[in-house]
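Dear colleague,

I am handing over the structure that we discussed, and below it you will find an account of what was found. Please read the notes with the coordinates open beside you.

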Amino acid sequence: MKLAILVSTFLAAVAYSSPVEAIPKKCSCTTICLGLGQVCVSVPTGKGCKDVCLLPAFCGGIAGFPCEGEDEICVDDPRDNCDVKHGGADCGGICVPKKLLG
């Protein structure tokens, strides 16, 4: 019985779509982040793209980890090759403040 519950929980997690939002590939970082451990995320705005340096907090992945803050959204991690729009339902992401996304 426990095995059946475990298997059904696993299958539900696999079927779960990733909470990671894709960032359009037309935006790419041109900024070098100087803060220790920071990564550059380029987000689309109404006037083009905006580079943002931030400390990455992991979200998404196969377990669908949410961002801790309600004012944050999980976006595709630019440091990996996982593509959210092409079979990457398990892609990991990083948390970005929603206000940066428009």
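Predicted model: local features only at pLDDT ≥ 70, side-chain atom pairs only at ≥ 80, totals over all residues.

**Strands and their pairing**

Residues are numbered from 1 along each chain as its sequence is written, and side-chain values use heavy atoms, with hydrogens and water left out.

The secondary structure of the chain amounts to one helix and five strands, where helices (H or I, at least four residues) and strands (E, at least two) are DSSP runs numbered from the N terminus. Read from the N terminus on, the elements follow the order α-β-β-β-β-β.

β3 and strand β5, the latter covering residues 92–97, pair in the antiparallel sense over three bridges; two strands are taken to pair if DSSP finds at least two bridges between them. These strands belong to an open sheet of three strands, which has the order β3-β5-β4 with antiparallel pairing. The edge strands of this sheet are β3 and β4, each of which pairs on one side only. From one strand to the next the twist averages 55°, with axes taken as lines fitted to C-alpha atoms (for helices over the stretch in contact) and angles running from 0 to 180 degrees between N-to-C directions.

β1 and β2 also pair in the antiparallel sense, over seven bridges, and a hairpin joins β1 to β2 through two residues. Within this pairing, S42 stands opposite D51 in β2.

**Disulfides**

A disulfide is a covalent bond between the sulfur atoms of two cysteines. The structure holds five disulfides, counted as pairs of cysteine sulfur atoms within 2.5 Å, and three of those pairs are described here, among them the pair of C29 and C40.

C29 is joined to C40 with an S to S distance of 2.1 Å, and the torsion about their S-S bond is about -90°, so this disulfide is left-handed. The pair links distant parts of the chain, with C29 in the loop between α1 (2–15) and β1 (39–45) and C40 in strand β1, 11 residues apart. C29 is partly exposed, at a relative accessible area of 31%, whereas C40 counts as buried at 13% relative accessibility; here buried means under 20% relative accessible area, exposed over 50%, and partly exposed in between, with a 1.4 Å probe and protein chains only.

In the disulfide of C33 and C53 the sulfur atoms are 2.2 Å apart, and because the torsion about the S-S bond is about -90°, this link is left-handed. Distant parts of the chain are again linked, since C33 lies in the loop between α1 and β1 and C53 in strand β2 (residues 48–54), 20 residues apart. C33 is buried, with a relative accessible area of 17%, while C53 is partly exposed, with a value of 28%.

The sulfur atoms of C59 and C74 lie 2.0 Å apart in a further disulfide, and with 95° about the S-S bond this link is right-handed. C59 lies in strand β3 (residues 58–60) and C74 in strand β4 (residues 72–76), so the pair ties together parts that are 15 residues apart in sequence. Both C59 and C74 are buried.

**Salt bridge**

Side chains of opposite charge can pair when their charged atoms come close. If a salt bridge is taken as a side-chain nitrogen of Lys or Arg within 4 Å of a carboxyl oxygen of Asp or Glu, the count comes to one. It is formed by the side chains of D77 and R79, at 2.7 Å from N to O. D77 is buried, with a relative accessible area of 8%, whereas R79 is exposed, with a relative accessible area of 52%.

**The chain as a whole**

Of the 102 residues of the chain, 29% count as buried. The chain exposes about 6900 Å², of which carbon and sulfur atoms supply 60%; accessible areas come from the Shrake-Rupley method with a 1.4 Å probe, and for residues only the protein chains shown count as cover. Among contacts (heavy atoms within 4.5 Å) in the chain with a separation of 6 or more, residues 24 or more positions apart account for 47%.

With kind regards
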